[in-house]
Amino acid sequence: MEKIKVLVTDPLEEKGIEILKNAGFKVDEVGKQSPEKLAEIIKDYDVLIVRSGTKVPKEVIEKGEKLKIIGRAGVGLDNIDVEAATLAGIVVMNAPEGNTISAAEHTIALMMALARNIPSANNSVKEGKWERKKFMGTELYGKTLGIIGLGRIGKRVAEIGKGLGMKIVAYDPYISEEVIRNMGVAVVNLEGVLKQADFLTFHIPLNDETYHLIGDREFEMMKDGVFIINCARGGIIDEESLLRYIKKGKVKGAALDVFEKEPPEKNLLLQLDQVIATPHLGASTKEAQMNVAQQLAQQIVDALQKRIVKNAVNLPALDEKSLEYIRGYLSLGEKIGIFLRQLIDGEIKEIVLEYSGEIINYDLSLVRANVIVGLFSEEENVNLVNAPLIVKEKGIKLREIRKEKADEFTNLITVEVKNSKKVSVSGTLIREEPRIVKIDGFSVEAVPKGYLLICYNEDKPGIMGHIGTVLGKRGINIASMTLGRKKKGGPAITVLNLDQGIDKEVINKIEEFPAIHSVRLVRI
Ligand code: NAD
Ligand code: MLT
């Protein structure tokens, strides 16, 4: 078997490299590459590992013929086109917890450095001066710390801030007010944080929603003499606007670890005494780098060798308990999809998924993705990552229905696909094994494995005899058989599990019997 090839284009702690190599992967550490160069070399690799330095745009992703995982050793994903990766079916994963403490501590270090003028005072002393009056500082105790974004880093900053005797106000529309209050933090809206903060710090991702979140309008709302700390991403604060408001004196000082363009080169902010700056050092501690490298490398090995996927940002995240409950239904969903696709011809226009029973109490997004993978695996490069996008791209209508009662079953999954025709298949788990229990509303019990012969017929004598004779003459063994009818003498269905496949000639022969309308061979 060919070795998994991993390309590493930003510095990754040795421990991470070791984990990948010990798993039998071939690792190439080539240093930072331009998108053009990366697009040239990516085609041979199964995995790409980056930090914030390497940009991974659509043009690179499209050339990643073998690419399965893009791993980010850290949190921010603004350097990766996650949407393009999702469409290409590539898992994008990060290592989000590893640098939380370091980024929070760097934020606090910057806040203290700002409050006590430490960088300028340090330079002054080293220049032989003794300017005690010039560097009069500000206490943090009793001041209001405004936090935008109360995720992992924001929360840790809030904890330390409280320990310093600061009052914490925060804005995070994606976290419930109750959770925020339980952290001992006052809940306010964005305007409220801007108006109340003496120190204002940002811990949000950079995306379309947060780009230039802070500009002239927002600076106008702030207290005179506010201190700004940005240890999240350049681009969240409009740098030209910040420059203006520092010059006006409205902003007393700003500490920046991140810039819109990195390195910032001739950024005018760097010429101001009121600005202190570090070169994107939030996660630059031995501990954080060790954590993220180790965590990401292990996640990649687990995903490729054990199919356990953690911290993937473009796959539904399920807790252990839910995963345990729905595990069997994932494979059932895929089998129903494969089964159905062979019962309907032409493009599918609509999919209706009906879940019934206890299962409705769980997150079923992965079951849905598995059904889609089953339906389209023959015709598309489809996997669990891009399944939802593939359906959207094809313009297929998808509806989901949840019902408490599942007839005589604990749980039942029914998938109906439509174009000018309509076919439906229901499945459940019986003794933890997938079973097809309905086809177009006819009750059956078939094992979705190997070759299945589906005969649409009338409920008349002689059907089984005829099929048995045709197959027997050719030495084809029937492993099991099930019949379904709604009423005596009416339309019916016959499903046989065969030990081997049959060709068109055999199907035609079976169809010769007058009471058999059509026959399909399904392979799973
Ligand atoms: P996180 O996902 O745990 O937290 C981000 C929080 O921001 C979430 O709670 C989210 O609800 C909130 N949020 C999103 N949009 C918002 C908005 N418009 N307004 C208010 N809140 C919003 O991430 P984290 O681990 O805390 O990291 C935060 C960011 O810090 C990362 O995205 C990364 O860009 C940056 N970071 C920088 C460094 C560094 O070296 N300077 C290190 C680590 C992380
Ligand atoms: C991150 O988002 O994790 C940080 O920017 C840290 C880094 O990449 O070094």
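How many nonpolar, polar and charged residues make up the shell around ligand 2? By class, two are nonpolar, five polar and three charged. The close-ups below come from a predicted model.

**View 1. The residues around ligand 2.** The shell consists of Arg51, Ser52, Arg72, Gly74, Val75, Gly76, Asn99, Arg233, His280 and Ala283. Its three charged residues are the arginines at positions 51, 72 and 233.

**View 2. Polar contacts of ligand 2.** The side chain of arginine 72 places an N or O atom 2.9 Å from an oxygen atom of the ligand. For asparagine 99, a side-chain N or O atom is likewise 2.9 Å from an oxygen atom of ligand 2. Arginine 233 has a polar side-chain atom 2.8 Å from an oxygen atom of ligand 2. On its own, ligand 2 exposes 270 Å², of which the protein buries 92%.

**View 3. The residues around ligand 1.** Ligand 1 is surrounded by 28 residues, the closest being Arg152, Ile153, Asp172, Cys231 and Asp257. This shell comprises 15 nonpolar, eight polar and five charged residues.

**View 4. Polar contacts of ligand 1.** An N or O atom in the side chain of aspartate 257 is 2.9 Å from a nitrogen atom of the ligand. Glycine 282 contributes a polar backbone atom, 3.3 Å from an oxygen atom of ligand 1. Of the 860 Å² that ligand 1 exposes when taken alone, the protein buries 90%.

View 5. A polar side-chain atom of arginine 233 lies 3.3 Å from an oxygen atom of ligand 1. With ligand 2, the distance from a polar side-chain atom of arginine 233 to an oxygen atom is 2.8 Å.

Terms used: Residues numbered from 1 in each chain as written. Chains lettered and ligands numbered in written order. Predicted model: local features only at pLDDT ≥ 70, side-chain atom pairs only at ≥ 80, totals over all residues. Heavy atoms only, no water. Near = heavy atom within 4 Å. Polar contact = N/O pair within 3.5 Å; in protein donor to acceptor, adjacent residues only side chain to side chain. Areas by Shrake-Rupley, 256 points an atom, 1.4 Å probe, with all protein chains shown as cover.
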